[in-house]
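Have a look at it first, then read on.

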Amino acid sequence: MPILNWKGKHLADPRPVSLTQDSILYPMGKGYPRSKPEGRVILGENLSIMAALLPEYEGRIDLIYADPPFFTNRKFPARIGRGEDSRKPSKWKLVAGYQDSWPDLDSYLQFLYERLSLMHRLLSPNGTLYLHLDWHADAYARLILDEIFGEKGVFINEIIWTYHGPSPIKSAFNRKHDTILSYAKSGDYTFNANAVREPYSQNTITTFNSSKKAGFGKVPDLERGKVPEDWWYFPVVARLHNERTGYPTQKPEALLERIVLASSNQGDLVADFFCGSGTTSLVAAKHGRRFITTDAEVRAVHTARNRLAETKAVFSIERDASLKGLFSPDGKKIKVHVASGSVRLETTLDVDFWEVDPDWDGKLFRSAAQAQRHVRSGELPMEIKIGSPRRVCIRLVTVQGKQIQLDIQAVAHTADRF
Ligand SMILES: C[S@@+](CC[C@H](N)C(=O)[O-])C[C@H]1O[C@@H](n2cnc3c(N)ncnc32)[C@H](O)[C@@H]1O
């Protein structure tokens, strides 16, 4: 088998980090305060987090989708504005998103190699790994995955995801597809063909209805539909789409839905160690799968939390314990009014999301109720209904990404400074 080499190629056992729980979120209070999380959203560097997950999860993850940086050598800011003109980038309100910058190709390949090797170890014997890249590095990745999965491994598909969009290129055809490679550890991998069937085209239906000889006598089940080809068209997530979060390079839910439905079953464990806006976990949660997702960016974790809060899945937010806590006290511009059935927020801050633990134990934040800014209108509910609050703790995240925690006793002091 041909093997790809690069300067500095090596595999060492990465140092695991210890993980600490930052909060547990019970969407709309479901299961508060006792239900066990079905999902984990973890902040930190994914190599050392995967190493930390190995003792519990080696060979136990049923589906892994990986959408790493593509070796574009660009920075991808996140958009936090609403209603600006998409054609005028100079007018967009931006904050830091994530970086895809590398000293050279060798270091990028080493980055992929180490992480894909750990994903391979975490993958279950019947599981599937999907790796999403584009023309910058997909050819190298194919060889790397061939090596990692070895002779027993199965290369399942090279999926081409096509889309439209503006392009400045005038000296070549517009590059409007990504490549998704899928691999399994053996031929006995999960593939639910019936879960992803789609209607035959009108042309095919007309042909088969008009002639018995079409298809050399093989008549497809036109009612049941067909298993999709390995080239998929889904529109990219654009400004006017409701699912758009503003987090850069967000992938469409429809794309992940096809992957999750085809390659996992209800109750399976789905992981995405390059979480971004959280599309994989969102789709997994919507379809009754458990999930683990990691990202090194606080904004990614926040975006994923916002989206997951709209599902029914109870999930934990965790972090590499060596990182600073996500929320810090700062009540200068916030007033909180606690009544018997509700908590009301008063602030001049531009709040994106807020949540309440009505019975805080002073250690682990259990989010029993949440409110977030509406994608389109920008409106945010300033009052949250909550049954008999005791020791209330509030957490809020501003549009700019500031994360504030207020123990209600502390609020009494800061209220005057409002
Ligand atoms: C292409 S984006 C993922 C987009 C995602 N699929 C979505 O639908 O929104 C890649 C993500 O990987 C994260 N990332 C890159 N390197 C990482 C690392 N070493 N550890 C953890 N996260 C990393 C970036 O912060 C970024 O959010």
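This is a predicted model: local features need pLDDT of at least 70, side-chain atom pairs count only at pLDDT 80 or more; totals for chains, interfaces and linings use all residues.

Residues are numbered from 1 along each chain as its sequence is written, and side-chain values use heavy atoms, with hydrogens and water left out.

**The ligand**

Which residues are closest to the ligand? They are Asp67, Tyr247, Ser277, Thr279 and Asp295, out of 21 residues that surround the ligand. A residue counts as near a molecule if one of its heavy atoms lies within 4 Å of it. By type, that shell splits into 8 nonpolar, 7 polar and 6 charged residues. Here, Ala, Val, Leu, Ile, Met, Phe, Trp, Tyr, Cys and Pro count as nonpolar, Asp, Glu, Lys and Arg as charged, and the others, Gly among them, as polar.

| Side chain | Ligand atom | Distance |
|---|---|---|
| Glu45 | nitrogen | 3.2 Å |
| Tyr247 | oxygen | 2.6 Å |
| Ser277 | oxygen | 2.6 Å |

On its own the ligand has 610 Å² of accessible area, and the protein covers 95% of that. Such areas come from the Shrake-Rupley method with a 1.4 Å probe; for residues, only the protein chains shown count as cover.

**Strand β6**

Helices (H or I, at least four residues) and strands (E, at least two) are DSSP runs, numbered from the N terminus. Buried means under 20% relative accessible area, exposed means over 50%, and partly exposed is in between (1.4 Å probe, protein chains only).

Two strands pair if DSSP finds at least two bridges between them. Strand β3 (residues 61-66) pairs with β6 in the parallel sense over 5 bridges, and Ile61 has Leu123 as its bridge partner in β6. Strand β8 (residues 177-184) runs antiparallel to β6, with 6 bridges joining them; there, Leu129 stands opposite Tyr183.

**Two covered helices**

Helix α5 (residues 253-263) has 9 of its 11 residues buried, so it is largely enclosed by the rest of the structure. Among those buried residues are Glu253, Arg258 and Ser263. Helix α7 (residues 298-308) is mostly covered too, with 10 of its 11 residues buried, including Arg299, His302 and Leu308.

**Two loop residues**

Lys226 sits in the loop between α4 (202-210) and β9 (231-233). Is Lys226 buried or exposed? Its relative accessible area is 17%, so Lys226 is buried. Its side chain also makes a polar contact with that of Glu229, at 3.1 Å.

Val375 belongs to the loop between β18 (369-372) and β19 (383-385), and with a relative accessible area of 38% Val375 is partly exposed. The C-alpha atoms of Val375 and Leu123 are 35 Å apart, and the two residues are 252 residues apart along the chain.

**Cysteines**

How many disulfides does the structure hold? The count is 0, where a disulfide is a pair of cysteine sulfur atoms within 2.5 Å. Cys275 is buried at 6% relative accessibility, and Cys393 is buried at 0%.

Note on methods:
A polar contact is a pair of N or O atoms within 3.5 Å; within protein, one must be able to donate a hydrogen and the other to accept it, and residues adjacent in sequence count only if both atoms are side-chain atoms.
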